[in-house]
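Please work through each task before reading its solution.

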Amino acid sequence: MSFPLKRTAAAVATALLGVALSATAGQAHTTASAPQQPAARAAAQDATARVDRLWAIEGDEQTVKAGQQVPVRLKVRAFDANRKPVKGAVITFSTPGPGLKFPDGGDDATATTDQNGYATAPALKASGSPGPDLVTAGAGTKARVAFEITIT
């Protein structure tokens, strides 16, 4: 399956995500959402499994000074195979590089899509050295998109 990516850096992000996932397999991941009840968890898993494509809506190609909050929160839109928005899907945002952190200090955070298929990541802070950094967003195992953020 293919999905639209805007540049080579996005392909690098997908590769980095695979490295980050294999390097952290067995470690607990920090998320920004509260624990779900079994019925709610099952519904979210079903919705997440229906996501066929993710589109980056806001937050790509930003520049931020070290120590500052990234100006625009990352936003994606999830679609099923029929190009209809998917409500209730869990989107995982990951920062495989060392330069960006979510509010809890972690590298991963989740957000749930709304009735129109939109999900917005928690705010990011530039906590690393100057240079380009990537954030990926994924739903399940088949829909991914990347964002490039440069720390100055």
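A salt bridge is a side-chain nitrogen of Lys or Arg within 4 Å of a carboxyl oxygen of Asp or Glu. The model is predicted: local features need pLDDT of at least 70, side-chain atom pairs count only at pLDDT 80 or more, and totals for chains, interfaces and linings use all residues. Residues are numbered from 1 along each chain as its sequence is written, and side-chain values use heavy atoms, with hydrogens and water left out.

**Exercise 1.** Determine how many salt bridges a search of the whole structure finds.

*Solution.* 
1. The search finds three salt bridges.
2. Asp-52 pairs with Arg-53, with 3.2 Å between the closest N and O atoms.
3. Asp-52 also pairs with Lys-142, at 3.9 Å between the closest N and O atoms. This pair links distant parts of the chain, 90 residues apart.
4. Lys-101 and Asp-107 meet at 2.4 Å, N to O. Shared partners join Asp-52, Arg-53 and Lys-142 into one network.

**Exercise 2.** Classify Asp-52 and Lys-142 by relative accessibility.

*Solution.* 
1. Buried means under 20% relative accessible area, exposed over 50%, and partly exposed in between (1.4 Å probe, protein chains only).
2. Asp-52, at 14%, is therefore buried.
3. Lys-142, at 39%, is partly exposed.

**Exercise 3.** Describe the surroundings of Thr-95.

*Solution.* 
1. Thr-95 has a relative accessible area of 2% and is buried.
2. Leaving aside neighbours within four places in sequence, Thr-95 is in contact (heavy atoms within 4.5 Å) with residues including Leu-100, Phe-102 and Asp-107.

How values were computed. Helices (H or I, at least four residues) and strands (E, at least two) are DSSP runs, numbered from the N terminus.
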